[in-house]
Amino acid sequence: KLICVLVAMITHTNETSTSDEEMSTSEGNSDQEVPPQSSAELTQIEFEAYPPADEDWAGVRALLDGLVKGLTLDVGYFSQTLIDNYKVGTVIKGADIEEGEDDPVFAVASILPLTLFPDAAKLKQLTTSLLSKCDPDSTSEIDKILSSSDTAFLLNAKFNNLPLQITAQLYKALKMELITERKENAVYKVKNLVMLTKSYQEPERERKSKRSKTVDTPVQYEGADTAILSSIASHSFSWKITDETLAPMDTTTRAEEVSQGFRTVLVIPTERFLKSVDKIVETMSPES
């Protein structure tokens with residue numbers, strides 16, 4: 001079932017290409033990009049949005065694997081649970097894919113209530129891993145949220161160079177679907193959304209906090225969407241991904257100094273999220 005069509009053009013200047021094997025590998029593949037053709041070639045891609053389906057499992061898993069680095073969980077099970085509960089969720093794929101061609105998942109977004117996980121032990125493995133990353137002073141409060149039937153995961157995993165307007169439309173779709181679904185299904189009447197997102201620290205900030213188990217200086221976000229959502233979060237905590245570095249976002253930083261990759265959990269009250277979506281869409285629109 002096609003739910004909407006999104007069209008975007010992207011320009012590639014990369015000198016290397018991404019192989020089919022690299023695109024489908026899930027473990028440690030946290031920096032996926034829409035595959036380039038050559039350093040001198042423009043790539044025009046038309047994207048379509050669909051509800052998640054079984055055929056998307058490998059692509060969804062690859063995206064989630066990069067998002068949940070540092071956590072202990074069954075990513076395959078998590079991916080299948082997301083697909084099975086597709087009513088508030090979207091995958092972005094290429095349009096006009098010929099039969100026999102690869103059909104990669106460029107992005108996945110979902111709101112997944114914790115009560116929809118059929119295997120309590122696998123859910124417990126994930127929530128226990130999350131609790132191990134938060135500050136001891138907030139463990140009790142986070143534990144209550146992660147144990148509540150009023151909590152859902154908010155997921156938005158995508159290729160790094162996906163056009164901003166598509167990211168914005170993913171949030172818009174989540175808002176519309178959540179509002180619709182919770183009128184008919186009480187499971188979706190959740191109070192809190194737990195969002196896993198990528199973040200980073202610039203070199204100077206990273207040096208100041210490198211001895212800490214958890215982050216005691218603010219992390220930063222690559223996208224305006226997560227920056228906006230972090231500003232309305234009731235709780236947050238982060239952890240360092242030791243084998244992940246990024247080119248400095250600050251152009252005045254010395255080239256040899258790289259930003260340190262982190263993962264951040266944001267606890268966002270659902271009503272705040274719904275109110276923030278219009279701002280996200282406006283901020284990430286081409287006219288902004």
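The side chain of Thr151 reaches the backbone oxygen of Ile145 at 2.6 Å. This contact belongs to a predicted model of a chain with nine helices and eight strands.

- Thr151 lies in strand β5, which covers residues 151–158.
- Because its relative accessibility is 0%, and buried means under 20%, Thr151 counts as buried.
- Leaving aside residues up to four places away in sequence, Thr151 touches Pro113, Leu114, Ile145, Val190, Asn192 and Val194.

**Second largest cavity**

- The volume of the second largest cavity is about 30 Å³.
- Helix α5 provides the largest share, three residues.
- By class, the lining of the second largest cavity has eight nonpolar residues, with no polar and no charged ones.

**Largest cavity**

- The largest cavity has a volume of about 50 Å³.
- Around the largest cavity are Leu73, Asp74, Tyr77, Phe78, Phe117, Lys122, Leu123, Gln125 and Leu126.
- The elements giving two or more residues to the lining of the largest cavity are α3 (75–84) and α4 (120–131).
- Helix α4 gives the most, with four residues.
- The lining of the largest cavity divides into six nonpolar, one polar and two charged residues.
- Asp74 and Lys122 are among the lining residues, and both are of a type that counts as charged.

**Chain as a whole**

- Of the 288 residues in the chain, 50% are buried.
- Among contacts in the chain with a separation of 6 or more, 77% are between residues 24 or more positions apart.
- The accessible surface of the chain comes to about 14,300 Å².
- Carbon and sulfur atoms account for 47% of that accessible surface.

Key
Residues numbered from 1 in each chain as written. Predicted model: local features only at pLDDT ≥ 70, side-chain atom pairs only at ≥ 80, totals over all residues. Heavy atoms only, no water. 1 Å grid on protein atoms, 1.4 Å probe; cavity = no way out; pocket = protein on both sides within 12 Å on 5 of 7 lines; lining within 4 Å. Points joined across faces, edges and corners; volume = space filled by probe spheres on them. Buried < 20%, exposed > 50% of the residue type's maximum accessible area, 1.4 Å probe, protein only. Contact = heavy atoms within 4.5 Å. Areas by Shrake-Rupley, 256 points an atom, 1.4 Å probe, with all protein chains shown as cover. Polar contact = N/O pair within 3.5 Å; in protein donor to acceptor, adjacent residues only side chain to side chain.
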